[in-house]
Amino acid sequence: MDDQLFFLLKKLLVKENFKINFEELKLQLLSHPSYPSLHAVTGVLNHFEIENLALEVPQNVETLKQLPTYFLSFLETKQFVLVKQTRDGLELTFEDETKKSFEVDDFISIWSGIIVVIEAENMPQTDAHFKGKEVAKGLQILSVLLIVCFFFYVKPSLFEAIYCILSLTGIWISVLILKQELGFYSKTVEKFCTAAPSSNCDDVLKSRGASFLGFFKLSDLSVIYFSALAIGAIIATLSSITYDAFVTISLLALPITIYSIYYQYYVVKKWCPLCLTIVLVLWLQAASVFFGNSSITNLEFDVLSNFILFFSLVLCGAIWLFLKPLLKKQHEFKKLEIDHYKFKRNADLFKAALNNSDYLETNIAEINEISLGNINSPLKILLVTSPSCYYCKSAHLDLEKILRKHPDEVHMTIRFNVPEDSSQIANKVAQRLLEIYNVGNNKEINESLHSAYEENVDLEKWITINGESSTSFKSTLKAQKTWCIDNRVNFTPALYINGKFFPRVYDRTDLSYFIEDLTEQIEITEPAIN
């Protein structure tokens, strides 16, 4: 399935204690134009600024000894695997989540020598989304534990405890069925559903008999039913109300289990292990009455018990009917998002859009502009900017990240489009930045540019801290301004790639995806100037 390579990459990052947004990792991997490939893996690792190496190494024992404990590799059978080196040999985790141990010689005989290793020493900071997700997960677990502890604090009877636990089990199985229906892939569920030749959950769940009145799926009824029983049972236990209504509905549900078994055996002729587990839970709930003090013969019509059950069913039904369309839309949105990014990250389409714009001569003779990155790189980026431009702040941040990821592949020029009046704050900041660039080093100019283009920067205060330029750069700013006027660059920020205006249909952050393609296969050439 589509998630299998993601499973291996995620497992590698977890083993190396990287804490990142794994949902973003999955999106970036699945939407990579070359997925599933080694290039997709390294591209995603670069996106998260994780140091990595993709190599083809000699296939021998000495090489294995020099490799880290965990690494991704490629077998001769064209399979990706996660390799773990142990004292006794190697443990391989395959894309289908199975594990198998190999002796060193046996592994070398099937090994292609192609590996991906990551550098754990330069670990990026923990992703804020990851922290938030961990906190939310912790709060959810804590909430469930508090409810369970409080439930048992009131000392329920054996029947009440068993009945409630079975209801919670029913909810869990119902969620698994729902995920299977919606297409949320789980290798564990997949194995469970196809454990025998005659078992297949999809065939049963997608059959006509899996719908009720053409509107409700049996999975919907299952989620609503068990959720209502769990909520109602907890309320009844805390309120010391009889379980007569719950026992009655559990007995009335038994004929449905008979129908389910009959339909799977005679109509679909396939078994759904998840559905059979639900059948088992329903039978156990019906049987749990024998753990109580009452029997089936003395069940009574309790108004309050019936009201609680009815209220729970209506409440859970209303909530579920509201939530399910949202879940389906979210699942569809994920698929659409992956397709969108896969299309948008196609390098050929980007280069076609870039080449569609007119060529502009970006060089200005005899001036010393701020130049960052590798001056010998064939990939030339020009950013026309102004310190007082609000939208330029995000542009600098985006290109800052690109330079940090690709310091050797990119040459970037910063060109100012500011008023010629030296009393203007934008002019003062631009002159000071030019001076820092000419008398300082790369670290100083990078730090100064970053501080000058911070989101909430006070430029007057920035000048007070950094001082005004002691050398006049009026001629440089005038030449830059003249170039902007002559070429009708009347707005900032303006971004040019090798003389071509950056396509408006793309975001600046998208440029990072195409750096490798643009540097390795340069198809953007400057036309001869007549």
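User: Is the side chain of Phe350 buried or exposed?

Analyst: Buried means under 20% relative accessible area, exposed over 50%, and partly exposed in between (1.4 Å probe, protein chains only). Phe350 has a relative accessible area of 0% and is therefore buried; Tyr506, at 10%, is buried as well. The model is predicted, so local features need pLDDT of at least 70, side-chain atom pairs count only at pLDDT 80 or more, and totals for chains, interfaces and linings use all residues. Residues are numbered from 1 along each chain as its sequence is written, and side-chain values use heavy atoms, leaving out hydrogens and water.

User: How is a pair of rings described?

Analyst: By the distance of the centres and the angle of the planes. Rings of Phe, Tyr and Trp (its six-membered ring) pair if their centres lie within 6.5 Å; planes under 30 degrees apart count as stacked, over 60 as edge-to-face and the rest as tilted. This rule gives 17 aromatic pairs. In one of them, the rings of Tyr262 and Tyr266 have centres 5.1 Å apart and planes at 35°, so the pair is tilted.

User: Where do Tyr262 and Tyr266 lie in helix 12?

Analyst: Helices (H or I, at least four residues) and strands (E, at least two) are DSSP runs, numbered from the N terminus. Within helix 12 (residues 254-268), Tyr262 and Tyr266 are four residues apart, so about one helical turn separates them. Tyr262 is partly exposed at 46% relative accessible area, while Tyr266 counts as exposed at 53%.

User: Which angle do the planes of Phe350 and Tyr506 make?

Analyst: Their planes stand at 90°, with 5.1 Å centre to centre, and the pair is edge-to-face.
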